[in-house]
Amino acid sequence: MSAPATGVSSVDFRPMQEIDLPWVALEDQRLYPYPWSEGNFADSLRAGYSGWVMTLDGAHAGYGVIMKVLDEAHLLNISVLARYQGQGWGRRLLDELCDVARAHQCEQMLLEVRPSNTPALALYERYGFELLGRRKGYYPAPQGREDALVMRRAL
């Protein structure tokens, strides 16, 4: 798929490495009120999950982590730096993560998303994810816990 029309001349994806973890954890802290820690990212790589970094013209722009379970891929984290949001880069990163999942013979992708994360929810719906159900009290929230919407898309 081609890159969004934003004046970027090169889009690259590469496997996440241990050297990326301080940067990835810092960006997660900037993006989310309840971020993953550097240890969470390190543990996911050690467990064999597939972590990816997206660069635009050589600059870090986003990252994602998927976990394969039998013939399913679980999208655990997908993040685009604030300065690149709203330009189609989340969809482009999601394209890449779905391609990785298909290359690992996954037939579907599952994810959880906060109902309050309306930009992510809109992206997933436009991408063809369907609502499967709700996990009560799944996420920490300022006033206790927030549910998670469980979504699925065939690959």
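# Exercises on salt bridges, helices and a sheet

The side chains of Arg114 and Glu146 form a salt bridge, 2.9 Å from N to O (a salt bridge is a side-chain nitrogen of Lys or Arg within 4 Å of a carboxyl oxygen of Asp or Glu). This is a predicted model, where local features need pLDDT of at least 70, side-chain atom pairs count only at pLDDT 80 or more, and totals for chains, interfaces and linings use all residues. Residues are numbered from 1 along each chain as its sequence is written, and side-chain values use heavy atoms, leaving out hydrogens and water.

**Exercise 1. Now try Asp147 and Lys136: which strands does their salt bridge tie together?**

Step 1: Their side chains meet at 3.7 Å, N to O.

Step 2: Asp147 counts as buried at 17% relative accessibility, whereas Lys136 is exposed at 67%.

Step 3: Salt bridges that share partners join Arg134, Lys136 and Asp147 into one network.

**Exercise 2. Find the buried residues of helix 4 and what they pack against.**

Step 1: In helix 4 (residues 118-127), the buried residues are Ala120, Leu121, Leu123, Tyr124 and Tyr127.

Step 2: These residues cover an arc of only 160° around the axis, which puts them on the same side of helix 4. The arc is that of the directions from the helix axis to the C-beta atoms.

Step 3: On the other side of helix 4, Thr118, Pro119 and Arg126 are exposed.

Step 4: The buried residues pack against strand 4, helix 3 (89-103), strand 5 (108-113) and strand 7 (144-154), where contact means heavy atoms within 4.5 Å.

Step 5: After helix 4 comes Gly128, with a positive phi near 105°.

**Exercise 3. Work out the strand order of the sheet and which strands stand at its edges.**

Step 1: The open sheet has 7 strands in the order 1-2-3-4-5-7-6, with mixed pairing. Two strands pair if DSSP finds at least two bridges between them.

Step 2: Strand 1 (11-15) and strand 6 (130-141) are the edge strands, each with a single partner strand, so one side of each is left without a neighbour in the sheet.

Step 3: Strand 1 runs antiparallel to strand 2 (residues 50-56), joined by 5 bridges; Asp12 stands opposite Thr55 in strand 2.

**Exercise 4. How many disulfides does the structure hold?**

Step 1: The structure holds 0 disulfides, a disulfide being a pair of cysteine sulfur atoms within 2.5 Å.

Step 2: For Cys98, the nearest cysteine sulfur is that of Cys106, 10.0 Å away, too far for a bond.

Step 3: Both cysteines are buried: Cys98 at 0% relative accessibility, and Cys106 with a relative accessible area of 6%.

Methods. Buried < 20%, exposed > 50% of the residue type's maximum accessible area, 1.4 Å probe, protein only. Helix = DSSP H or I, 4+ residues; strand = E, 2+ residues; numbered from the N terminus.
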